[in-house]
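Student: Could you walk me through this structure, one feature at a time?
Tutor: Gladly; have a look here.

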Amino acid sequence: MKHHTHLMIGLFIVTGLLMIGAIVLALGVAPDPVNLATPTERFAQRIFYFHVPNWWVGFLAYLVAAVAGALYLISRQERWDAVGVSSIEVGLTFNTIGLISGSIWAKPTWNTWWTWEPRLTTAAIGWLMYVGYLILRSAIENPQRRARFAAVFSILAFLDVPVIFLAIRWWRTIHPVVIGAEGGQGVGGFALGPTIQLVFFFCLVAFTLLYVTLMLVRLRTEFLSQRVERLRQHLMFR
Amino acid sequence: MIEIRGLVKAFGSRLVLRGITLHISAGEFVTLVGPNGAGKTTLMRILATLSRPTAGQVLLGGCDLTQDPMRARHMIGLVSHRTLLYDDLSGEQNLLFYAQLYDVTRPKMRVEELLRQMGLWGRQRDPVSTYSRGMQQRLAIARALLHNPPILLLDEPDTGLDRHAAMTLGALLRQTDLGRRTVLMTTHNLEYAAAWGERAAILVNGRIVFQVNRSKIDLATLRAQYDHYASSA
Amino acid sequence: MHHLRKILAIVAKDLAAELRTREMLGAMFVFALLVIFIFNFAFELRAENQRALAPGVLWVAITFSGMLGLSRSFIREKDRGSLEGLLLAPVDRGVIFLGKMLGNALFIAVIDFIVLPVFVVLFNIPVTALPPLAVIAVLGTIGLSGVGTLFSAMAVHTRAREVLLPVLLFPLIVPVILSAVKLSAAVIDNLPFAEAQQWLSLLLAFDIVFAVLSFLFFDYVVEE
């Protein structure tokens with residue numbers, strides 16, 4: 001336990017330093033993209049260094065939850081349920097931040113807080129789906145049944161995300177496609193220079209590490225609460 | 001016929017059954033009494049393949065419950081404290097539906113036979129919601145007997161029955177046709193437990209704490225034992 | 001073969017129970033009509049082109065009333081413990097799922113077919129649009145019933161019961177709603193088939209994939 005605590009503290013420090021580095025690099029070091037006309041747009045663009053890694057983490061968290069769900073259904077081990085719920089809670093936090101930060105960026109760039117664009121809409125529906133996941137969990141008392149239902153739901157929801165995205169994308173799109181496209185398409189799109197790329201990938205690593213850290217902390221809480229529950233039952237039904 | 005060995009069931013970290021071992025031979029009628037939350041219904045649900053044991057083994061006629069649940073289901077008839085019937089369907093419709101699920105040969109004849117036996121013929125076209133509680137319980141027994149199972153599980157079948165209806169039920173359960181089956185019945189009622197069973201067992205806190213044969217059962221002894229164990233829990 | 005017989009027995013049982021009381025179909029029908037009436041009336045003064053809004057209204061009516069039917073589906077099995085009765089029988093869980101899903105799809109399709117003519121009249125849509133709209137309605141209904149049946153079985157095992165079903169189901173069936181709306185719009189606007197084809201593929205793919213997934217997961221939902 002003590003050994004673990006040391007590792008955790010080490011991880012906290014590394015993650016903290018990387019996150020500070022990410023802020024400095026994104027706001028201070030990274031150059032302005034060349035093709036954005038107004039200062040407001042250039043300023044707002046810097047959200048990109050947090051917004052995109054933020055979404056990546058959200059996606060990663062939901063993926064981890066779906067895999068944990070499958071592992072639970074196969075192995076029936078309580079710990080996979082703990083991984084599932086922890087990952088979804090962390091993912092939902094990032095998902096929420098992503099929706100809000102995206103909205104703040106959209107206002108100066110697209111001149112609206114909200115638009116029914118594929119990524120936004122998918123994010124919003126995904127958010128609703130995973131809030132539903134938490135409501136589902138809270139409505140079940142039997143821990144095994146809760147774990148089973150949660151596992152089934154997290155797998156179905158995750159498989160549904162690309163389908164929802166595809167459907168909404170066909171509906172219509174104005175979101176900029178920055179990575180893997182020439183010069184940035186869509187309103188508010190921009191080109192990625194070498195420094196911008198470097199800073200971006202630094203932020204990506206920092207955010208991924210942040211996810212791992214939060215996940216471990218949350219997981220520890222979950223394991224502890226499972227232990228408390230076991231002890232409580234042990235005392236009550238001795 | 002029913003062989004239960006070291007049966008354990010946990011809901012999460014809560015142990016409901018803590019190692020139950022019970023042997024019931026073919027044709028025996030065993031009653032199981034215990035306070036609320038003792039694990040009676042959980043035990044019945046496991047025997048009926050509705051719930052998986054956490055540990056331990058159950059053999060029904062030599063067939064392992066968890067390994068071949070389909071075969072076990074053919075051997076079991078369950079009467080629960082709920083009717084397992086559809087209120088909006090008639091008695092006949094209910095039985096015909098379940099007969100199809102159990103692959104009963106000549107379902108119409110079998111259903112009529114059972115309805116007559118249970119004294120429900122004449123009301124067979126009426127929806128179950130219009131039946132009295134006693135009639136519903138008799139129909140539930142008919143449902144459980146459709147496929148002629150060698151084992152009958154009765155989970156608090158006397159719930160909600162008045163004294164007269166319960167006596168009718170008791171008489172029905174001791175009919176010769178039913179008597180050939182292996183029966184395990186749970187109940188709250190010590191009087192019925194003593195009068196109907198050939199053997200009575202007391203289940204408290206997930207353990208069988210007391211067993212006695214009919215020849216030695218009298219209601220007063222059973223009650224004394226029950227009070228002793230239930231209050232110490 | 002005997003699997004099919006048992007599936008049909010479950011459908012017939014649900015149908016017989018419903019035909020005796022008709023309370024669920026009645027409520028679904030009235031609810032679907034209400035949605036169409038209210039939207040039609042509310043748009044009357046505000047919207048220039050009511051017909052442009054029609055596909056959305058149709059699918060709000062179908063999904064909302066479908067939800068009523070789906071949530072009843074397992075509450076009906078839970079009331080007297082008959083779900084346990086089904087699980088006690090020597091029948092594959094898949095058979096129970098398919099029986100319930102087919103029954104649910106049938107109930108919603110009945111509502112679709114009654115509501116469509118009313119919809120066509122109120123939104124002033126050519127009668128020739130009815131047959132293709134009916135086909136789309138059936139495909140959309142299958143999409144609803146697959147995951148819907150699974151979630152209905154889930155919801156009934158929770159404390160929240162029927163309240164939970166729409167919360168879980170709506171976000172997941174977004175692709176069904178979108179493609180059904182687009183397809184209905186293509187029919188109403190008389191667009192060439194090529195323009196709607198990708199939506200038809202999406203709808204069919206969703207119907208099949210999510211029905212199969214729900215079929216596979218049903219075992220985990222009803223076991224204990």
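The dialogue below goes from confidence to folds, the core and the chain contacts.

Student: What should I know before I start reading?
Tutor: This is a predicted model, in which local features need pLDDT of at least 70 and side-chain atom pairs count only at pLDDT 80 or more, while totals for chains, interfaces and linings use all residues. Residues are numbered from 1 along each chain as its sequence is written, and chains are lettered from A and ligands numbered from 1 in the order in which they are written.

Student: Which scores does the model have, and where is confidence lowest in chain C?
Tutor: The model has an ipTM of 0.92 and a pTM of 0.90. For single residues, pLDDT gives the predictor's confidence from 0 to 100. Where it is low, the predicted coordinates should not be read in detail. Chain C has an average pLDDT of 92, with 98% of its residues at 70 or above. Helix α2 (residues 23–46) of chain C is lowest, with a mean of 87, and helix α6 (residues 130–155) of chain C is highest, at 96.

Student: How many helices and strands does chain A have?
Tutor: Elements are DSSP runs numbered from the N terminus: helices are H or I with at least four residues, strands are E with at least two. Chain A has 7 helices and 0 strands. Of its 238 residues, 35% are buried; buried means that 20 or more other C-beta atoms, placed from the backbone, lie within 10 Å of the residue's own.

Student: In what order do the strands of the open sheet in chain B lie?
Tutor: Two strands pair if DSSP finds at least two bridges between them. The 4 strands of this open sheet follow the order β2-β1-β4-β5, with antiparallel pairing. Elsewhere in chain B, β9 and β10 form a hairpin with 2 residues between them, and B:Asn205 in the turn has a positive phi of about 55°. These two antiparallel strands share 6 bridges, and B:Arg199 has B:Asn213 as its bridge partner in β10(B).

Student: Which residues have the most contacts inside the largest nonpolar core?
Tutor: In soluble globular proteins, nonpolar side chains tend to be buried together. A nonpolar core here is a set of buried Ala, Val, Leu, Ile, Met, Phe, Trp, Tyr and Cys residues joined through C-beta atoms within 7 Å. The largest has 207 residues, and those with the most contacts inside it include A:Ala157, B:Leu153 and C:Val221. Helix α6 (residues 143–171) of chain A gives the largest share, 15 residues. Beyond its neighbours within four places in sequence, A:Ala157 is in contact with A:Met129, A:Tyr130, A:Tyr133 and C:Leu172; contact means C-beta atoms, placed from the backbone, within 7 Å.

Student: What does chain C bring to its contacts with the other chains?
Tutor: Against chain A, chain C gives 22 residues and chain A gives 23. On the chain C side, α9(C) contributes the most, with 7 residues. Against chain B, chain C gives 21 residues and chain B gives 25. The largest share of the chain B side is 5 residues, from α3(B).

Key: Contact = placed C-beta atoms within 7 Å. Buried ≥ 20, exposed ≤ 12 C-beta atoms within 10 Å, placed from the backbone.
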